[in-house]
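Here is a short report on one protein chain. Keep the sequence and the 3D view at hand while you read.

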Amino acid sequence: MKFPAPVSVQWIAQLIGAELAGNTEGIATGINEIHKVEPGDLVFVDHPKYYNKCLHSEASFIIINQKTDCPEGKALLIVDKPFEAYQTIVRHFRPFKPAVKPVSDSATIGEGTYIAPNVYIGHEVSIGKNCFIAPNVSILDYCIIGDNVIIQAGTVIGSDAFYYNTKKDREVWYKKMESCGRVVIENDVEIGAGCTIDRGVSHDTRIGRGSKLDNMVHIGHDTVLGANCLLAAQVGIAGATTLGNGVILWGQVGVSKTLTIEDNVVVLAQSGVGGTLEKGKVYFGSPCEEAGIKKRELVWVKRIPEIWERIKSLK
């Protein structure tokens, strides 16, 4: 999430009650989680396992619960509970605004766009020209829809990220991390019925131009689809995953988090993707491999009973 205007790190420290060390004159431009940080961002860390990763990330400002050496040019904001400090910042810049009507007065809708009955459009939503939004679609706060986009009935755009701060030394292990990111749907996209596209935790979930999603597809937080992707029914993609251009995922493909599927990959139905896939290849299976290799393996698996009988006959 980018702030409406840059703010001084001293002001942030005062907001969250932090002790400031390092570059005390720095200017913060936004807040982000570790997978998406950029220069100028704030990030939080509350476990020694991740200290080094955060301190040497692109983030300029680190909210942390322990004094430590600060990399040159960065600033530490030291607090007892970094997660709560992060939440305080998010709530300040993205306060909850209750809905008072089906289409918010702050939403903008382009010329030629059709909005069916029972559609909900939240605060600060932008919808482009010549779109078709079918009944019972929900487009939640701050989401951006391009031109010539079709969204079929019952789809939810911008639901909260499935993302939690986990601590097993407390009664409630999983505490919700406030979602302050957006969903950005580029031009000429079609989204089927009953799809769910989660907003980024603090960045953007993005669907690239010309991509087509079948019914019942789920896209996790901060995931980025390139241009002209094709996703068949019941595909599920976990958070912070990147798909290149021209990727095809056939029905019921499951994709794990924080990996990359490169350009023009095809994944055949009911496959499970657990790691990065190289461009231009066809994959199959769970865990998926190149389809030709996997199919030959299956042929040999079917022959196991025959082979076993031959082995027994040699005794």
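The protein chain has five helices and 34 strands. Helices (H or I, at least four residues) and strands (E, at least two) are DSSP runs, numbered from the N terminus. This is a predicted model, in which local features need pLDDT of at least 70, side-chain atom pairs count only at pLDDT 80 or more, and totals for chains, interfaces and linings use all residues. Residues are numbered from 1 along each chain as its sequence is written, and side-chain values use heavy atoms, with hydrogens and water left out.

## The chain as a whole

The C-alpha trace spans about 80 × 60 × 40 Å along its principal axes. The chain holds 315 residues, and 44% of them are buried. Buried means under 20% relative accessible area, exposed means over 50%, and partly exposed lies in between (1.4 Å probe, protein chains only).

Now take contacts, meaning heavy atoms within 4.5 Å. Among contacts between residues at least 6 apart in sequence, 25% join residues at least 24 apart.

## An open sheet

Which strands make up the open sheet, and in what order? There are eight, in the order E7-E10-E13-E18-E21-E24-E27-E30, and the pairing is parallel. Strand E7 (108–109) and strand E30 (260–261) stand at the edges. Each has a single partner strand, so one side of each is left without a neighbour in the sheet. Two strands pair if DSSP finds at least two bridges between them.

Two bridges join E7 to strand E10 (residues 126–127), in the parallel sense. Here Ile 109 stands opposite Ile 127 of E10.

Move on to strand E13 (residues 144–145). Two bridges link E13 to strand E18 (residues 182–185), and the two strands run parallel. Ile 144 has Val 184 as its bridge partner in E18. E18 is also joined to strand E21 (residues 204–207), by four bridges and again in parallel. In this pairing, Val 183 stands opposite Thr 205 of E21.

## A closer look at Val 184

Is Val 184 buried or exposed? Val 184 has 7% relative accessibility, so this residue counts as buried. Val 184 sits in strand E18. Leave aside its neighbours within four places in sequence, and Val 184 is in contact with Ile 144, Asp 204, Thr 205, Arg 206 and Ile 207. Gly 26 is 158 residues from Val 184 in sequence, and the two are 30 Å apart in space, C-alpha to C-alpha.

## Salt bridges

A salt bridge is a side-chain nitrogen of Lys or Arg within 4 Å of a carboxyl oxygen of Asp or Glu. By this rule the count is 18.

| Pair | N to O distance |
|---|---|
| Arg 182 and Asp 204 | 2.8 Å |
| Asp 188 and Arg 209 | 2.8 Å |
| Lys 281 and Glu 278 | 2.8 Å |

What does the pair of Arg 182 and Asp 204 tie together? Arg 182 lies in strand E18 and Asp 204 in strand E21, so the pair ties together parts that are 22 residues apart in sequence. Arg 182 is partly exposed, at 26% relative accessible area. Asp 204 is buried, at 12%. Both residues belong to a network of salt bridges that links Arg 182, Glu 186, Asp 204 and Arg 206.

The second pair involves loops. Asp 188 forms its salt bridge with Arg 209. Asp 188 is in the loop between E18 and strand E19 (190–191), while Arg 209 is in the loop between E21 and strand E22 (212–213), 21 residues apart. Asp 188 is partly exposed at 22% relative accessibility. Arg 209 is partly exposed too, at 47%.

Glu 278 is partly exposed at 46%.

## A buried loop residue

Finally, look at Ser 60. Ser 60 lies in the loop between helix H2 (51–55) and strand E5 (61–64). Its relative accessibility is 16%, so Ser 60 counts as buried. Not counting residues up to four places away in sequence, Ser 60 touches Pro 39, Gly 40, Asp 41, Lys 74 and Ala 75.
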